[in-house]
Amino acid sequence: MTNHFKSLHHFKDKGEDKAKKENEGLSEDQIGTNEQRSSTGDPSYEQSNSGKLWTTFKGGNVDDCVVCMDTPTEPRNLKVKPVCPTCGAIQGIVTGDQPLGTMNVYTSSMSVAGYPKDGRIEIEYYIYSGHQGKDHPEPGKRFESIKQTAFLPDNERGRKIAKMLEVAFKRKLVFTIGHSRTTGKQGVVTWNDIHHKTNPNPGTQYGYPDETYLDRVEDELTVKGVTEKDI
């Protein structure tokens with residue numbers, strides 16, 4: 001890291017220290033293929049209200065299905081998103097299925113296109129390789145590690161969004177396992193509908209300038225339940 005960068009924050013999953021210890025002495029490529037990495041992450045992020053859905057009615061049974069009024073033969077717990085079905089407002093905290101990884105935030109004296117008077121914020125994400133968990137499309141199937149760098153202008157708005165992204169990362173909302181729109185591959189680590197600018201320069205597909213980007217990404221974070229009140 002050159003001297004025009006300043007490290008601001010480092011976020012990691014609670015399983016990272018154990019993972020680092022397991023990988024001491026290994027090369028980066030070997031770390032990327034470590035079979036002991038878990039994709040399910042910190043169990044404290046799992047939904048606590050995913051219990052059995054039931055009701056009571058006259059002459060019925062509390063274990064009966066509330067739709068068909070019959071006894072389920074293969075009952076399963078449902079993962080319920082805490083969103084009001086009428087108005088769509090988030091109720092409680094939304095958490096995702098992001099695999100284990102780290103997030104580092106730096107500042108730089110260089111700028112992003114369109115913000116020549118501001119420095120820039122650089123966010124480095126690293127998601128470890130592992131196997132898909134029970135909430136992923138193909139549980140048990142292996143996925144590879146990825147590293148992504150995103151850029152924001154280092155101004156009041158950019159700093160606010162960086163903090164909101166930190167909250168989203170802690171809640172496992174930034175990445176997921178699925179279909180990559182960039183490569184077309186299935187079962188890979190990909191962005192989870194929170195768009196990032198991965199190039200600070202003009203004339204690039206995912207770069208600057210983009211006058212509406214900060215508004216859009218804040219709206220995307222709000223949809224995930226992350227607002228300015230959370231920072």
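1. The secondary structure of the chain comes to four helices and eight strands. Here helices (H or I, at least four residues) and strands (E, at least two) are DSSP runs, numbered from the N terminus. Along the sequence, the pattern reads β-α-α-β-β-β-β-β-α-β-β-α.

2. A word on the source. This is a predicted model, in which local features need pLDDT of at least 70 and side-chain atom pairs count only at pLDDT 80 or more, while totals for chains, interfaces and linings use all residues. Residues are numbered from 1 along each chain as its sequence is written, and side-chain values use heavy atoms, with hydrogens and water left out.

3. Of the 231 residues in the chain, 39% are buried. Buried means under 20% relative accessible area, exposed means over 50%, and partly exposed is in between (1.4 Å probe, protein chains only).

4. The largest nonpolar core has 33 residues. Such a core is a set of buried Ala, Val, Leu, Ile, Met, Phe, Trp, Tyr and Cys residues joined through side-chain atoms within 4.5 Å. The members that touch the most others are Ile123, Tyr125, Leu152, Leu165, Tyr208 and Leu221. Two or more residues come from each of strand 2, strand 3, strand 6, helix 3 (156–170), strand 7 (175–178) and helix 4. Helix 3 gives the largest share of this core, seven residues. In soluble globular proteins, nonpolar side chains tend to be buried together.

5. Seven aromatic pairs are counted. Rings of Phe, Tyr and Trp (its six-membered ring) pair if their centres lie within 6.5 Å; planes under 30 degrees apart count as stacked, over 60 as edge-to-face and the rest as tilted. Tyrosine 115 and tyrosine 208 form an edge-to-face pair, at 6.3 Å centre to centre and 85 degrees between the planes. Tyrosine 115 is in the loop between strand 2 (101–108) and strand 3 (119–127), and tyrosine 208 is in the loop between strand 8 and helix 4, so the pair ties together parts that are 93 residues apart in sequence. Both tyrosine 115 and tyrosine 208 are buried. Ring pairs also link Tyr125, Phe169, Phe175 and Trp191 into a cluster.

6. Lysine 197 lies over the face of tyrosine 208, at 5.9 Å from the ring centre. For a charge to sit over a ring, NZ of Lys or CZ of Arg must be within 6 Å of the ring centre and within 35 degrees of the ring normal. A cis peptide bond, with omega about 0 degrees, joins tyrosine 208 to proline 209. Proline 209 is in the loop between strand 8 and helix 4.

7. The largest pocket has a volume of about 690 Å³. On a 1 Å grid over the protein atoms alone, a pocket is an open set of points where a 1.4 Å probe fits, with protein on both sides within 12 Å along at least five of seven lines; lining residues have an atom within 4 Å of a point. Grid points are joined across faces, edges and corners, and the volume is the space filled by probe spheres set on the points. Of the 23 lining residues, Gln148, Ser180, Thr182, Thr190 and Trp191 are the closest to the pocket centre. Strand 6 (146–154), strand 8 (188–191) and helix 4 (213–223) each give two or more residues to the lining. Strand 8 supplies the largest share, four residues.

8. What is the make-up of that lining in nonpolar, polar and charged residues? The residues divide into eight nonpolar, nine polar and six charged. In this count Ala, Val, Leu, Ile, Met, Phe, Trp, Tyr, Cys and Pro are nonpolar, Asp, Glu, Lys and Arg are charged, and the others, Gly among them, are polar.

9. Two residues with positive phi should be noted. Lysine 172, in the loop between helix 3 and strand 7, has a positive phi of about 65 degrees although it is not a glycine. Lysine 172 counts as buried because its relative accessibility is 1%. Aspartate 193, in the loop between strand 8 and helix 4, has a positive phi of about 65 degrees and is not a glycine either. Aspartate 193 is partly exposed, with a relative accessible area of 43%.

10. One contact across the sequence remains. Glutamate 138 and glycine 187 are 49 residues apart in sequence and 7.4 Å apart in space, C-alpha to C-alpha. Glutamate 138 is in the loop between strand 4 (130–131) and strand 5 (142–143), and is partly exposed at 37% relative accessible area.
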